[in-house]
Amino acid sequence: MTFPSGTLLAQSALSGIFIGSLYGLLGLGLGLAWGLLHVINLAHFGFAFLAAYLCYQLASVGGMDPLLTLVLIVPLFAVLGIAVQWLLARFAVSPLNSLLATFGLTAIIEAGIQGVWTADFRKLESVYTGLKFRIGGLFVPVPELLTLVVALALSFGIWAAMRYTSLGRALRALAEDAPIASAFGVDARAHALLLSGLCGALAGIAGVCLALSFTLTPAQIYAWVGVVFAAVMLGGLGSALGPLAAGIVIGVSEAVTMAFASPSWAPIVSFTILILLLLLRPERT
Amino acid sequence: MTRIGRIACIGAACAWLVAAGGALAQGAQPPIRIGSTLALTGPLAATSLVHKVVGEIYVEQLNKRGGLLGRQVEWIVRDDQSKPDLARTLYEQLVTADKVDLLMGPYATGAILSAMGVAQRYNKVLVHHTFGIPSMAKYEMQFPAWSLGPEPGTTVPNTVFDALAASPKPPKTIAVVTSKFPSVHFMSLGAREVAKKRGLTEVLFLEWDFGNLDYGPIAARIKDAKPDFIWVGAIGLEGNQLLDALSKIDYTPQEHFYMYPAPGPMSKSPLANNALSMTVFEEHPPFTNAPGVKEFIDLYHERARKAGIPDTNVEVQAAASYTAWQILEAGVKGAGSLDDKAIAAYLKTHRIDTIQGKLRFDGPSNYGDDLMRVKQVQDGRWVTVYPKEYAAPGATLRVP
């Protein structure tokens, strides 16, 4: 095995940071819902891809700037997130059953996407595609950098809100002990709907980032589930910063593995980290 | 009425009854039912849609020509959701519950293998269009329309390297990077062996799991290795994903080959200029010289557009699909019956005229000649460039 050059290692690590930030961005909404609402929302991935397709449609066909599509996508998916939470609360769905129910919803979303856009590949070509700049010998592609910046901003923003605002304190109190929090005047139902709206909006934003960097096909929805779940579990359920940190750890570990060894070894490394953590620190999940 | 008159009337009535009965019987003949599955949903749905459109066109044209054995043909297609295990169940149902007369193969290697097992169990002929691993086709009554030949792991790379050797700039170093998807992986391993025998220096060999999301490090390693030629064992979108990753680090491959790319996205990508691949048919002479081909191409353009298929050109998938139907039709007509053994016996002993050329099924695993040609993306479309007799008019293999 030959030792890779410094440039190759650094470029691979950078690639790992970028894809890790997307894992984190996808995991942010999933982890918040899971940890604070006890809802394992698999439809989060379906929503992200639906948002990606809508971004593609508005930008490719409608001629909108892909980033401007957020103006429409964020509120739309916030409403969708609220609608899902309303339904789950209405029927008092348990966490395990929420996994099953939202899996079904994901299949419906996938079928809907295929019905409208067919199963063929769709690639968003925009002003951002191909944009990149150099730092020394390293290339920094702009769409991926945008994803990293958005992921950092949202993760830190939500962390700060959870820590320093009364809304954040209320949400944490509800997650820890809902009846006591309600006794202190925290409206559990309203806060749950608000949080799920936020999670829906986060799925929408992640979808736009997906559309900027990746070719879309409906079946790709499931390709992200395993690694994003790993990021959420590694980062801690309900954590705002955890999925991003874990996503980047996973992304970089996979990328560096690919720089040294056969790329087919990459998932072994990341999932080994997950298994070790689950064995050694099960209380994190 | 006299006695003779009464006999004449009865005779005429009987004759009329016989004639009417005959006419009714012919008109009431049930259609010949051909059953298959396709991946109408799931990850393989994009390419399956091509096969659905082609099958519908063929059956329609066949019925206009009088059908098979004087009977109309009905195609029953079920959705196997891109799952080989479901394909197996559905083929069982087609044979035992729907009691179809004939079978047609599904899309992609995994499902075809499943269907083959069922066909073998019930002694049914199975013509299939997209089986990628000839060595696994053990059933004696299966007939492939994907003209890979019995040893494509050797013959296909040799064709590619022959084309490169005949170009103005034959490569000296090679990087083999491949998905571990079964039907491309063994071809890539074959390419390594052939490259070694032909004196090319392998500067990089990488494998990734099908479904890999990050091609950044793979691209960085290719750039670091600086190969003259990259053999990319890619299927579907993987080739485009790798090209995207390469462009992000400002690397343009010198000469590059993709095993089974999604043809539309690859040809339309501005990054794929000069990309090579394999084909059995493209929309230019001499392929379009065969009778009936132009009509099929025009119909396919129209129906593919209506079905929302982004790339409406007839290329290798559509051609293999059409070929499969031609083989089945020829087999039934040649045998003069729907008896599977008779159809199989006919196909094994005759060459069949198809849009790919004359096919034979008397080799190992019923594979005949390797009819794969080399095509290249030139100015946003695929054109055949090698061998010369199949090249598009005026086209030659371009090198940077």
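Which residues of helix 6 of chain A meet which residues of helix 8 of chain A? The first legend takes up this question, after two notes that apply to every view.

This is a predicted model, in which local features need pLDDT of at least 70 and side-chain atom pairs count only at pLDDT 80 or more, whereas totals for chains, interfaces and linings use all residues. Residues are numbered from 1 along each chain as its sequence is written, and chains are lettered from A and ligands numbered from 1 in the order in which they are written.

**View 1. Packing of helix 6 on helix 8 in chain A.** Ala170(A), Leu171(A) and Leu174(A) of helix 6 meet Ala188(A), His191(A) and Leu195(A) of helix 8, a contact being counted where C-beta atoms, placed from the backbone, lie within 7 Å. By class, this contact of helix 6 with helix 8 of chain A holds five nonpolar residues, one polar residue and no charged residues; Ala, Val, Leu, Ile, Met, Phe, Trp, Tyr, Cys and Pro count as nonpolar, Asp, Glu, Lys and Arg as charged, and the others, Gly among them, as polar. Helix 6 (residues 166-176) and helix 8 (residues 188-213) of chain A pack at an angle of about 110°, with their axes 10 Å apart, the axes being lines fitted to C-alpha atoms over the stretch in contact and the angles running from 0 to 180 degrees between N-to-C directions. Helix 6 of chain A is therefore roughly perpendicular to helix 8 of chain A, a term that covers angles of 65 to 115 degrees. Helices (H or I, at least four residues) and strands (E, at least two) are DSSP runs, numbered from the N terminus.

**View 2. The contact between chain A and chain B.** Here 30 residues of chain A are in contact with 33 residues of chain B. Helix 1 (6-37), helix 4 (95-117), strand 2 (138-141) and helix 10 (242-260) of chain A are the elements that give two or more residues to the side of chain A that touches chain B, and the largest share, five residues, comes from helix 1 of chain A. The residues on this side of chain A divide into 15 nonpolar, 11 polar and four charged.

**View 3. Domain 2 and domain 3 of chain B.** An automatic or database domain assignment divides chain B into domain 1 (1-30), domain 2 (33-150 + 291-373) and domain 3 (154-285 + 374-390). Contacts link 21 residues of domain 2 with 21 residues of domain 3 of chain B; on the domain 2 side, helix 11 (residues 316-335) of chain B gives the most, with three residues. That side of domain 2 comprises 11 nonpolar, six polar and four charged residues.

**View 4. Strand 13 of chain B and its partners.** Strand 13 (residues 373-378) of chain B is mostly covered, five of its six residues being buried, that is, having 20 or more other C-beta atoms within 10 Å of their own, with C-beta atoms placed from the backbone. Four bridges join strand 13 to strand 10 (residues 275-279) of chain B in an antiparallel run, and Met278(B) stands opposite Val374(B); two strands pair if DSSP finds at least two bridges between them. Strand 13 also pairs with strand 14 (residues 381-386) of chain B, in the antiparallel sense over five bridges, and Lys375(B) has Thr384(B) as its bridge partner in strand 14. Strands 13 and 14 of chain B form a hairpin with two residues between them, and Asp379(B) in the turn has a positive phi of about 55°.

Methods
Two residues are in contact if their C-beta atoms, placed from the backbone, lie within 7 Å. A residue is buried if 20 or more other C-beta atoms lie within 10 Å of its own, exposed if 12 or fewer, and partly exposed in between; C-beta atoms are placed from the backbone. Angles under 35 degrees count as roughly parallel, over 145 as roughly antiparallel, 65 to 115 as roughly perpendicular and the rest as oblique.
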